[in-house]
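Open the model in your viewer and keep the selection panel handy.

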Amino acid sequence: MSGKHYLLDTSIILDDTQNILHLWQDSQNALFISEVVIEELDKKKDLHNETGFFAREFFRCVNSDSTEITSHIQTQNDKTCNDFIQTLFFRTGNISIPLTLIYRPKYNIAHQEHSYNDSKLIEIARDYHLILLSNDISLKIRAQTQGVSAQSLFRDRVENPDKIDFWASFEWHKDKPLNALSHEQAFKKLTQWSLIQVDEVDNTDSALYTTGKKTFGLKVGNAFEEVNLDEILKKHQPYIMPINLEQKMLYALLTHPQNNLTIATGATGSGKTLIALQAGITLLKNGVVDGIIYMRNTITANDKEAELGYRKGDESQKLGYFMYPLYGAINFTIDKLQEQSLAKRIEYRGEVNGIQKQDATEYFLQKHKIEVVDIAHARGISIGNKFVIFDEVQNASNATIKLIGTRIGEGSKIVFLGDWAQIDHPYLSKFRNGALSLLTKALQDDFIAAIQLKQTIRSDVASWFGENF
């Protein structure tokens, strides 16, 4: 075969099983795995998270009744003479992709407590002259320092995510009707749901000048739709009012009757979850949806691969550890409601708690039909007539986004929230993650609305750490 010969690390499969199809390149390349990868996948297949899902998905694709397996003993040289070779077939759709499995009963390297499996992979790659493919950067570097060719798979990498912008600005003479903006070539090039700021200009006999009046709107269809943000908020009266332009535009996007899919990114303190919650409550009150669903990846900075099953408590209690952003937004809302009147203090009586749902928090969840769902259980369900908030999407792979997106039924809206710079997932980075995938889709596709929140509302201490670290 004239193409490349790749030895796949576990991280490539756990990132997305469809990476196998991508790498195969319609039989141009040859793909290899070792028993080390099979063992690691087997240990992870029972996890109730994204990692477990992809491990199970791999075995499902190679373990059908029709899988063809051939085997023989490799006898090319002394190093590989005892290796057992099998050809597995990874089946996806109507495509069958051969994977050469190399099983080595005895390795030349001495047993070691740390990174023993990594050393095994490096030995196999060296002996068979394969390119070791891994998204584990430490493994890649170790292989390269030992003279083994090693690469990472960076699908959908975005080099300058901070420069992704969905705002467009126009200077427009006060005597020209705003609906004529749609005839401008610059406007025609915008994707639907672009965020538009129009600065009014006037003229004297000798010069143009800006009047200071600003009009905001969206591109909907092929037309400019003016969005009177203050009027929308006055009409809806959300529990918590957005306090800056970005938050107001996010709220307007989420409550727009024609918008069903949104990606909103921003750092901690930008108000993503809080504004999404207010929009969901408004849609519920107006009868647009009949409930709110909150979900997020169970990935944390401490738990490398989100082993939710090892947390204490039942499923609801385990999920509670990961749902603090939602409970924080709810409890902030309750505090504001209790400040408004005695009636609200009576209605939302009792204690609020960010992790254990008690008293006022539990009442708020029930009153507003807010349900917390574990993404591990999303496969096979259909979510109809709900407002879905998927938080921490930067820690989700494209396959997980697809899994959740394909669960959305008629009458539902979904907003993905995240901070593309805050990565806890072991195989993703701030240049390649679920949030960036959705942002880049929004630059090209009229179906998805997007906004990046760059203003944060933080304490002085939080702001100092954000700027200095």
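Start at helix H15: with 4 residues, H15 gives the most to the lining of the second largest pocket. Helices here are DSSP runs (H or I, at least four residues), numbered from the N terminus. A pocket is an open set of points on a 1 Å grid over the protein atoms alone, where a 1.4 Å probe fits, with protein on both sides within 12 Å along at least five of seven lines; lining residues have an atom within 4 Å of a point.

This is a predicted model, where local features need pLDDT of at least 70 and side-chain atom pairs pLDDT 80 or more, while totals for chains, interfaces and linings use all residues. Residues are numbered from 1 along each chain as its sequence is written, and side-chain values use heavy atoms, without hydrogens and water.

Stay with the second largest pocket. It holds about 440 Å³ of space, a volume being the space filled by probe spheres set on the points, which are joined across faces, edges and corners. Select Asp16, Gln18, Asn398, Ala399 and Lys402: of the 23 lining residues, these are the closest to its centre.

Now go to the largest pocket, with a volume of about 700 Å³. Select Thr268, Gly269, Ser270, Gly271 and Thr273, which lie nearest its centre among 25 lining residues. Next, show helices H10 (272-285) and H12 (324-340), the elements that each give two or more residues to this lining. H12 gives the most, with 5 residues.
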